[in-house]
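User: I have a structure open here and would like to go through it with you, a piece at a time. Could you take my questions as they come?

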Amino acid sequence: MSVNAKMAWRNIWRNPRRSILTISAIAFASLLLVFMLSFQFGFYEAAINASVKIHAGHLQIQAEGYQDKKSMRLVVPDPGSMGSILANIEAVKAYTYRANAFSLVSSEKRIHGVMVTGIDPVSEAKVSTLKNLIRDGTYLTDKDDYQALVGQLLAQNLRIGPGDELTLLGQARDGSVAATVVKVQGIYRSGLDELDRSSVHIPLKTFQEVYAMGNAVHQVVAIGESLSAIPEIRASLKSRLSSLNQNNPLKVLDWEELMPGLRQAIEMDLVSGLIFYVLLIIVVGFSILNTFLMAIFERTKEFGIMKAIGTTPVRLTKLLLIESLSITIVGIIAGIILGIGITYYFQIHGIDFSGSSDLLSQFGISGRMYPKITVLSILIGPSLVLGITFLAALYPALKVRRIRPVEALTHV
Amino acid sequence: MYLQLAWRNIWRNPRRTTVILLAIIIGVWSMIFENALMRGITVGMIKNSIATLTGHIQIHRRGYRSDPVIENSITEPEAVIAALKRILPPGTQWAARVRVNGIASNARHSSGVTLVGIDPASEAKVSFIGDAIAGGHQLQPDDPHAIVVGEALLDKFETKIGHKLVLMSQDTNQEIASKAFRIVGTFKAEMQSTEKQFVFITRKAAQQMLKLRQGLSEVSIVLPDQQESGVASRLKAILSPNGYEVNTWKELLPFLRAYLKLLDVFVYIWSLVIFIAMGFGIVNTTLMAVFERIREFGLMKALGMKPWWIVRQVLTESFLLLIIGIIMGNILAFLTVLALSDSGIDLSALAAGAEFAGMTRVIYPIVSIKDWSIANLLVMVLGLLICIYPAAKAAKFTPIEALAYT
């Protein structure tokens, strides 16, 4: 240990009570930020995974413009070739095809306008959670043709249950009238009201027949091994698609583009969280500035003596910065360790939010939330604290250079 | 005498006092300002939801809310209207609507919508549609073919003002009623989903199309003050026995209520967090001030001052510091809120996210008396509590020890 470091370390423990209080303040702020950020990140990932798995998937291939207009005519004409491309990309876990049409569905008593979606029952089960969401009746099999899955709220509104018949009436791709009768096989509940209120799923083959789609579909939906693999899959998909050189352009959309609301909600939550954290850190910063300043006022005489015996101002500044940085680093390390401990506990056991389940079901999350410790959530908060404390320490450390030995020595 | 002594004591070392004050001021400021931001977000959400056809109180036929179909309409509105006239306080606005799910279509597109039949004049005073017209003109009460749609819907349907739009829905005979309307105007709403969901026609046109005669789906009431629960219970007393349902916005918007509850809890927890951050600074500085004055306290004790008096002395000083800090923090917070009260904080850049969370695009911070007093009380009471520690330390010095201390 250099002489400076030794002096600084001894100075810190000359007044243990003060140092411990300051370290506690820093540790408290770091701990809190580690926990809060881990909590937010855990929530985001849960929300993204839930939304991705319920419906949208990580990636979709669609005709240009389909995402905005949902027009029948904007199709992916040859889904088979898309499928073989996806099957060749290693990070793709599963993929499926879907086709959608707005139609009137009527039961004996009621009529509603809904989105009818054609799905391939087997591959759909690998991509989305639809199969596990069935609350009544059963999921489709690949032998089914004129059978349908209906959202729970819609079933309620139509007053139907498994076994009842529904009439679908819409417009086919070629402009003709598309009409058919299907039998309700299962009722699903996703928690997303929008989906549960206005969607009906039928087998893709049936859909293509009824709506004159030929072999075409509207969406090729894929999920990757993990969220972090998506950009890579997207890039390789894009390059292979462009090499196909088709006359009607296809587009690759990732979950952020498929659900812009979700991405922006996350951004907004992060930004508003940061505003709160920065304000907290400023308060902590002032607390610490307070302590550092006071410590220097108290030691005016000491600094006067040091200067009188030849200590350079640069060395004094250095000494003080080493003191405050050591305090900060001890505090931050203590905060990170405690923060990880507490967060880890909740990461295993979860936090009960069942009182707010109305709110969370909007994001497809049930009553428990699990924080998630990541490198970022551990480092962001403490580094903000480190930055602010350094600024708070700078002022007193520079101020000390202006002490004049003669005046300081008379100071009590 | 204590007060005077304390006052002089805190200004004996103005530098230290300034430093403590700074910590308190920043703490109080951030507490009040953050609470005002949270409050602003919720008030914006409530206002927006109330204006989006909810109102403070709604009346329906029992069953309509869980199953909003034509059979569940109010078939004899006279009784309801008579009750309204008797009970509603002066200054109240109300509007009667027909509201059913339907399908809108043109040559290229079709989509599910909520068809709302309104009286343009009375509706304007109750919901957002009164001043939301962005293109074309408002519905005229005597124009049975006119329809007003949202900008987003116009876009989605690739159509424009003057073009035709066909509405379909079920009528009272269980048949499909369908009628062509001409788009006369468009409206803009806080949320895109609102623009896509609602289409407005005149109430008469809706009643005719659905063969409702005088029937209504709902009555929406906006009160001059926020005292909806009293009025609602009086309305319930009359209307409930006759098969009607009266609900306040809190019952109509359970999602919003859950959110408000969560925010309420969060506001208090966060205030406490800020206080703890600030408390470390206060304790530390007070403690140091006490140690600096060990000799003084020892001397006072040697002169016969009781320990309790010393505690009281130190606490009085802390109290004065807290009061000054709180007052200045309040002034700073009010200035900040005032500065933002005109322009607000614009979240347009994150509009889709705000919409997803049900928030408005611009947030205006609002100081509520409750939040304000809680923040100030918290700082005052807890501030004094934590200063007991240094005060007790000061009282414990024995004269001999203290006089020997350098």
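User: Is R159(A) buried, exposed or partly exposed, and why?
Analyst: This is a predicted model, and in it R159(A) counts as partly exposed because 13 C-beta neighbours lie inside 10 Å, while a residue needs 20 or more to be buried and 12 or fewer to be exposed.

User: Where does R159(A) sit, and what is its phi?
Analyst: R159(A) is in the loop between helix 6 (152–158) and strand 6 (165–171) of chain A. Its phi is near 60 degrees, which is a positive value in a residue other than glycine.

User: What about Q174(B), where is that one?
Analyst: Q174(B) is placed in the loop between strand 6 (164–170) and strand 7 (176–187) of chain B. Although Q174(B) is not a glycine, it has a positive phi of about 70 degrees.

User: And why is Q174(B) classed the way it is?
Analyst: Q174(B) is classed as exposed because 12 other C-beta atoms lie within 10 Å, and 12 or fewer is the cut-off for that class.

User: Switching to L115(B): buried or exposed?
Analyst: L115(B), which is in strand 3 of chain B, is buried, with 25 other C-beta atoms within 10 Å.

User: What about L338(B), buried or exposed?
Analyst: L338(B) lies in helix 12 of chain B and is exposed, since 11 other C-beta atoms are within 10 Å. The C-alpha atoms of L338(B) and I366(B) are separated by 9.3 Å, and these residues are 28 apart along the chain.

User: How does helix 12 of chain B pack with helix 14 of chain B?
Analyst: Helix 12 (residues 307–343) and helix 14 (residues 369–396) of chain B pack at an angle of about 145 degrees, with their axes 8 Å apart, and the crossing is right-handed. The residues that make the contact include I310(B), V314(B), F319(B) and L322(B) from helix 12 of chain B, and M380(B), L384(B), C387(B) and P390(B) from helix 14 of chain B. By class, this contact has 17 nonpolar, 3 polar and no charged residues.

User: Now chain A: at what angle do helix 2 and helix 15 pack?
Analyst: Helix 2 and helix 15 (residues 375–399) of chain A pack at about 145 degrees, with their axes 7 Å apart, and their crossing is right-handed. Among the residues that meet there are A29(A), L33(A), L37(A) and F41(A) in helix 2 of chain A, and I378(A), G381(A), P382(A) and V385(A) in helix 15 of chain A. That contact has 10 nonpolar, 5 polar and no charged residues.

User: What else does A29(A) touch, again not counting residues up to four places away?
Analyst: With that stretch left out, A29(A) touches L280(A), I281(A), V284(A), G335(A), V385(A) and, on the other chain, A277(B). A29(A) and A277(B) are also among the residues that touch the most other members of the largest nonpolar core, which has 232 residues. Helix 2 (residues 16–56) of chain A gives the largest share of this core, 22 residues.

User: How many residues of the two chains are in contact?
Analyst: There are 46 residues of chain B in contact with 42 residues of chain A. Helix 10 of chain B gives the most to the side of chain B that touches chain A, with 19 residues, and by class that side has 29 nonpolar, 11 polar and 6 charged residues.

User: Last topic, which domains are assigned in chain B?
Analyst: The domain assignment gives domain 1 (2–50 + 256–404) and domain 2 (92–213) of chain B, and 53 Å separate their centres, taken over C-alpha atoms. In chain B, 4 residues of domain 1 are in contact with 4 residues of domain 2, and the domain 1 side of this contact has no nonpolar, 2 polar and 2 charged residues.

User: And how are the domains of chain A assigned?
Analyst: Chain A is assigned domain 1 (3–52 + 262–410) and domain 2 (65–248), and the centres of these two domains of chain A, taken over C-alpha atoms, are separated by 50 Å.

Methods
Residues are numbered from 1 along each chain as its sequence is written. Chains are lettered from A and ligands numbered from 1 in the order in which they are written. This is a predicted model: local features need pLDDT of at least 70, side-chain atom pairs count only at pLDDT 80 or more; totals for chains, interfaces and linings use all residues. A nonpolar core is a set of buried Ala, Val, Leu, Ile, Met, Phe, Trp, Tyr and Cys residues joined through C-beta atoms within 7 Å. Helices (H or I, at least four residues) and strands (E, at least two) are DSSP runs, numbered from the N terminus. Two residues are in contact if their C-beta atoms, placed from the backbone, lie within 7 Å. Ala, Val, Leu, Ile, Met, Phe, Trp, Tyr, Cys and Pro count as nonpolar, Asp, Glu, Lys and Arg as charged, and the others, Gly among them, as polar. Domain bounds come from an automatic or database domain assignment. Axes are lines fitted to C-alpha atoms, for helices over the stretch in contact, and angles run from 0 to 180 degrees between N-to-C directions. A crossing is left-handed if the near helix is turned anticlockwise from the far one by less than a right angle, and right-handed if clockwise.
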